[in-house]
Amino acid sequence: GSDSVILLKVKDSRTPAPSLPFFQAELWIKELTSVYDSRARERWRQIEEQKALALQLQSQRLQEQERSVQDLVDLHLRVPLEKEIPVAVGPEGPDRARPGQGDDDFPEITEEMEKEIKSLFRGGNQDEVLSEAFRLTITRKDIQTLNNLNWLNDEIINFYMNLLMERSKDKDLPAVHAFNTFFFTKLKTAGYQAVKRWTKKVDIFSVDLLLVPIHLGVHWCLAVVDFRKKTITYYDSMGGINSEACRILLQYLKQESLDKKRKEFDTNGWALLSKKSQEIPQQMNGSDCGMFACRYAECISKDKPINFTQQHMPYFRKRMAWEILHRKLL
């Protein structure tokens, strides 16, 4: 008879089973999720460490203050805090409050204003529009970032910076331009070309001050360009030094001058500075960095000493909510 050939289909051990890629994908997703979870946990751990450090520093400062004020007279600052806080009168620094400034710098929040503010912070439709101006819209969700110890969001800070610009039109005050909260991050990560159109309707060299909010992931700071003093100064309520931010802004001024003015920016005599923790008020919690950045900007934009403390933050949170609602500064 004829020879018969029987073909047997043998499974190649090198060929993975059809279900294996799905299994591998599932493992990869789990691994990726684990990585992100661990990063999130690490970030929260760092935040909690910052809070603990701030509380420790607060305790140390209070102990030092108690030792140093034995021979000083206790007074009550007449400022509209939630509670009157006894404050010891001590040596005045260059940026500290001076006698006679209190009433002008801390206008009273009346009972009527208090009622309005409480209604803003009460629950309700989170998407309800409470204020509109400067092509910005503030919802109840935004305004509630000013309540208690919430972190301020971009919308609140941008709206407030616009209020400062609006006030600077007063002929007795320095002319101010404030960049929005996304400007510096864009400039740093994508370069000048990414932001050069942001000033097509603004001549930044015609003002006295540039205010630049800076967001460091979970922390707000402020940089200020003063064309009168030829300085770029960095303000951090946690005492940070950021020479890089100042250099980036100086380079921006050079590029902006070439692009808009068609001439070199003269950097002769310019100083890049970072305020030390002893020179400006410092936050004592992990929540008020946005408030401190806004308060630095408010004082600087009217050429006034920076004269507030952590104790004033409950008052300033209420005040800012009222100012944003009414689209005007007190």
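User: At what angle do helix H8 and helix H9 pack, and how far apart are their axes?

Analyst: Happy to start there! In this predicted model, helix H8 (residues 289–300) and helix H9 (residues 313–326) pack at an angle of about 75 degrees, and their axes are 11 Å apart. Axes here are lines fitted to C-alpha atoms, for helices over the stretch in contact, with angles running from 0 to 180 degrees between N-to-C directions. Helices (H or I, at least four residues) and strands (E, at least two) are DSSP runs numbered from the N terminus.

User: What makes H8 roughly perpendicular to H9?

Analyst: Angles of 65 to 115 degrees count as roughly perpendicular, under 35 as roughly parallel, over 145 as roughly antiparallel and the rest as oblique. The angle is about 75 degrees, so H8 is roughly perpendicular to H9. Contact means heavy atoms within 4.5 Å, and on the H8 side Met-291, Phe-292, Cys-294, Arg-295 and Glu-298 take part, facing Met-313, Phe-316, Arg-317, Arg-319 and Met-320 of H9. By class, this contact has six nonpolar, no polar and four charged residues. Ala, Val, Leu, Ile, Met, Phe, Trp, Tyr, Cys and Pro count as nonpolar, Asp, Glu, Lys and Arg as charged, and the others, Gly among them, as polar.

User: Why is Cys-294 called buried?

Analyst: Buried means under 20% relative accessible area, exposed over 50% and partly exposed in between (1.4 Å probe, protein chains only). Cys-294 has 0% relative accessibility, so Cys-294 counts as buried. Cys-246, at 1%, counts as buried too. Of the 330 residues of the protein, 40% count as buried.

User: Why are H6 and H7 called roughly perpendicular?

Analyst: Helix H6 (residues 183–190) and helix H7 (residues 243–261) pack at about 85 degrees, with axes 11 Å apart, so they too are roughly perpendicular to each other. Their contact includes Phe-183 and Leu-187 of H6 and Ile-248 and Tyr-252 of H7. By class, it has seven nonpolar, no polar and two charged residues.

User: How many helices and strands does the protein have?

Analyst: The protein has nine helices and nine strands. Local features need pLDDT of at least 70, side-chain atom pairs count only at pLDDT 80 or more, and totals for chains, interfaces and linings use all residues. Residues are numbered from 1 along each chain as its sequence is written, and side-chain values use heavy atoms, leaving out hydrogens and water.
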